[in-house]
Amino acid sequence: MPKKDNKVNFEKAFLELEELVDQMEKGDLSLEESLKCFEHGMRLTKDCQKALCEAEQKVKILLEKNKKNSLEIFESDNND
């Protein structure tokens with residue numbers, strides 16, 4: 001059985017969150033529907049925040065690795 005991927009697709013979650021906000025701002029939802037949308041939006045917000053934190057951690061790790069390794073100057077083969 002394939003392992004379930006728990007990674008959040010940030011772009012997909014963010015677009016869904018925008019759609020929920022647009023839907024709620026129209027004011028056509030019942031109170032119950034609005035509460036369901038709000039709850040779902042809160043979950044999406046949490047998922048987006050988690051994805052952003054994970055990305056930030058990766059950037060920090062890459063920056064730390066970069067400090068430890070010296071950069072090499074790239075010289076083009078073209079002699080313009």
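This is a predicted model: local features need pLDDT of at least 70, side-chain atom pairs count only at pLDDT 80 or more; totals for chains, interfaces and linings use all residues.

Visitor: Why is helix H1 called roughly antiparallel to helix H2?

Guide: The axes of H1, residues 10-26, and H2, residues 31-68, come within 9 Å and cross at roughly 150 degrees. Angles over 145 degrees count as roughly antiparallel, and therefore H1 is described as roughly antiparallel to H2. The crossing of these two helices is left-handed.

Visitor: Which residues make the contact between H1 and H2?

Guide: On the H1 side they include Phe10, Phe14, Leu17 and Met24, while on the H2 side Cys37, Phe38, Leu44 and Leu52 are among them. The residues of this contact divide into 12 nonpolar, five polar and one charged.

Visitor: What makes the aromatic pair of this structure a stacked one?

Guide: The structure holds one aromatic pair, and its rings belong to Phe10 and Phe14, with centres 5.8 Å apart and planes at 20 degrees. Centres have to lie within 6.5 Å for rings to pair, and planes under 30 degrees apart count as stacked, so the rings of Phe10 and Phe14 meet both conditions and the pair is stacked.

Visitor: Where do Phe10 and Phe14 lie?

Guide: Both are in helix H1, four residues apart, which is about one turn of the helix.

Visitor: How do you know whether Phe10 and Phe14 are buried, partly exposed or exposed?

Guide: Phe10 has a relative accessible area of 23%, and for Phe14 the relative accessibility is 38%. Buried means under 20% and exposed means over 50%, so Phe10 counts as partly exposed, and Phe14 also counts as partly exposed.

Visitor: Why is Met42 called partly exposed?

Guide: Met42, which is found in helix H2, has a relative accessible area of 46%. Because that value falls between the limits of 20% and 50%, Met42 is partly exposed. The C-alpha atoms of Met42 and Leu17 are separated by 8.8 Å, although the two residues are 25 residues apart along the chain.

Definitions and conventions. Residues are numbered from 1 along each chain as its sequence is written. Side-chain values use heavy atoms; hydrogens and water are left out. Axes are lines fitted to C-alpha atoms, for helices over the stretch in contact, and angles run from 0 to 180 degrees between N-to-C directions. Angles under 35 degrees count as roughly parallel, over 145 as roughly antiparallel, 65 to 115 as roughly perpendicular and the rest as oblique. A crossing is left-handed if the near helix is turned anticlockwise from the far one by less than a right angle, and right-handed if clockwise. Contact means heavy atoms within 4.5 Å. Ala, Val, Leu, Ile, Met, Phe, Trp, Tyr, Cys and Pro count as nonpolar, Asp, Glu, Lys and Arg as charged, and the others, Gly among them, as polar. Rings of Phe, Tyr and Trp (its six-membered ring) pair if their centres lie within 6.5 Å; planes under 30 degrees apart count as stacked, over 60 as edge-to-face and the rest as tilted. Buried means under 20% relative accessible area, exposed over 50%, partly exposed in between (1.4 Å probe, protein chains only).
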